[in-house]
Amino acid sequence: MDSADRPSLADRLFAAMRSRGATPRAEPEASAMERSRGDDSRSFGILLAILLPAGPVLAWGAATLQASAIRQETQAQRRAAAPALAARAAGLADHAALAEVAPGIADTLNAFAATLPADARLVAVAADERGRLSADVATPDPDTLRTALRRDPRTARLRDVGQTRGDGVILVRLREGAE
């Protein structure tokens, strides 16, 4: 027998049902419980259709609120830090102005060597943590030393901070002051 001559499984099933006297129904009748379950599943589907797009919308709303709160906090921190930042900027501007105006240590030492009177000799030179120069000079006449240092603007900032007597000379301690 050929497959085209043989009846299909569905044809055989319908034939068996007809021989018993039953007819196939298009839609079986649902019991009351099944009908109520069908209403629940339908309402669940509607609820799901509403809530699925609501998730991203709620997430977007929460993100917008968080971004707004972060912006407000950032602005509050900027307002609180403004005085400290302004003071720091003023301090940095002062340091920059001093760096432009004040000569360097090497420049001051060169000017110091050039303006030192012939009868004076350098005993010691040092710089503190801020880079200010201090020097000890042995000279027979401190007034001549001071006058010579005032002539050059690079050494005019050296101030006499003390004197001691030595072997035929006066030891003058000079320190660079901030002007």
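Let's start with charges: the structure holds 5 salt bridges, a salt bridge being a side-chain nitrogen of Lys or Arg within 4 Å of a carboxyl oxygen of Asp or Glu. Side chains of opposite charge can pair when their charged atoms come close. Before we go on, keep in mind that this is a predicted model, where local features need pLDDT of at least 70, side-chain atom pairs count only at pLDDT 80 or more, and totals for chains, interfaces and linings use all residues. Residues are numbered from 1 along each chain as its sequence is written, and side-chain values use heavy atoms, with hydrogens and water left out.

Now for the overall layout. The chain has 4 helices and 4 strands, where helices (H or I, at least four residues) and strands (E, at least two) are DSSP runs numbered from the N terminus. Of the 179 residues in the chain, 15% are buried; buried means under 20% relative accessible area, exposed over 50%, and partly exposed in between (1.4 Å probe, protein chains only). The accessible surface of the chain is about 13800 Å², and 58% of that belongs to carbon and sulfur atoms; such areas come from the Shrake-Rupley method with a 1.4 Å probe, and for residues, only the protein chains shown count as cover.

Helix 1 covers residues 9-20, and its 12 residues reach 17 Å from the first C-alpha to the last, close to the 16 Å expected at 1.5 Å a residue (the expected span is 1.5 Å times one less than the number of residues). The number of buried residues in helix 1 is 0, so this helix lies largely in the open.

Next comes helix 2, residues 32-101, which is where you'll find Leu-51.

What about the inside? The largest nonpolar core has 12 residues, among them Phe-112, Leu-116, Val-137, Leu-145 and Val-172. Strand 2 (133-139), helix 4 (142-151) and strand 4 (170-176) are the elements that give two or more residues to this core. A nonpolar core is a set of buried Ala, Val, Leu, Ile, Met, Phe, Trp, Tyr and Cys residues joined through side-chain atoms within 4.5 Å. Take Val-137: leaving aside its neighbours within four places in sequence, its contacts (heavy atoms within 4.5 Å) include Phe-112, Leu-122, Leu-145 and Leu-174.

Back to the charged pairs. Asp-136 and Arg-173 meet in a salt bridge at 2.7 Å, N to O. This pair links distant parts of the chain, with Asp-136 in strand 2 and Arg-173 in strand 4, 37 residues apart. Asp-136 is buried, at 12% relative accessible area, while Arg-173 is partly exposed, at 40%.

Asp-160 has a salt bridge with Arg-146, and their closest N and O atoms are 2.7 Å apart. Asp-160 sits in strand 3 (residues 158-165) and Arg-146 in helix 4, so the pair ties together parts that are 14 residues apart in sequence. Asp-143 joins in too: Asp-143, Arg-146 and Asp-160 are linked in a network of salt bridges.
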